[in-house]
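Please read this briefing alongside the sequence and the coordinates. The notes go from the overall fold to single residues.

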Amino acid sequence: MFDDSYSKLEIITTFMAILELLKLQQILVDQVEQFGDITIKKNEEFFDIDLDQVDLSEYNEEESE
C-alpha cells in the first residue's frame, strides 16, 4: 500500500483516517485469510443513514476541552 516515498507521518495519518472511517461505518474492511490482503470498500448502506440522527458531540472541540 505504501512505498518509501511516504513519510511516517503520512502513513500514520492515513491509518488513523481509515480507523475513523471504519468507526463511522463509512467503509467496510475485510481480510479473508490470516496475513492476506485487506480489502477496504465504501459502505453503500451508510448513505441511507439520516445524518441528523448521528451523534457528533465527541468531535465538537468546545465540548472536549
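**Overview**

The secondary structure of this chain comes to two helices and two strands, where helices (H or I, at least four residues) and strands (E, at least two) are DSSP runs numbered from the N terminus. Read along the sequence, these elements follow the pattern α-β-β-α. The model is predicted, so that local features need pLDDT of at least 70 and side-chain atom pairs count only at pLDDT 80 or more, while totals for chains, interfaces and linings use all residues. Residues are numbered from 1 along each chain as its sequence is written, and side-chain values use heavy atoms, with hydrogens and water left out.

**Chain totals**

- Buried residues, meaning those under 20% relative accessible area with a 1.4 Å probe and protein chains only, make up 6% of the 65 residues in the chain.
- The chain exposes about 6300 Å², of which carbon and sulfur atoms supply 53%; accessible areas come from the Shrake-Rupley method with a 1.4 Å probe, and for residues only the protein chains shown count as cover.
- Among contacts (heavy atoms within 4.5 Å) with a separation of 6 or more, residues 24 or more positions apart account for 11%.

- Helix H1 covers residues 8-23, and its 16 residues should span 22 Å at 1.5 Å a residue, which agrees with the 23 Å between its end C-alpha atoms; the expected span is 1.5 Å times one less than the number of residues.
- Ile12, Phe15, Met16 and Leu19 make a nonpolar surface patch of about 390 Å², where patch residues have over 30% relative accessible area and no salt bridge, with like charges joined within 9 Å and nonpolar side chains (Val, Leu, Ile, Met, Phe, Trp, Tyr) within 5 Å.
- A salt bridge here is a side-chain nitrogen of Lys or Arg within 4 Å of a carboxyl oxygen of Asp or Glu.
- An α-helix has 3.6 residues a turn, so residues three or four places apart point the same way.

**Positive phi in the loops**

- Most residues other than glycine have a negative phi.
- Gln25, in the loop between H1 and strand S1 (27-31), has a positive phi of about 60 degrees although it is not a glycine, and at 48% relative accessibility Gln25 counts as partly exposed.
- Phe35, in the loop between S1 and strand S2 (38-42), likewise is not a glycine but has a positive phi of about 70 degrees; Phe35 is exposed (over 50%), with a relative accessible area of 77%.
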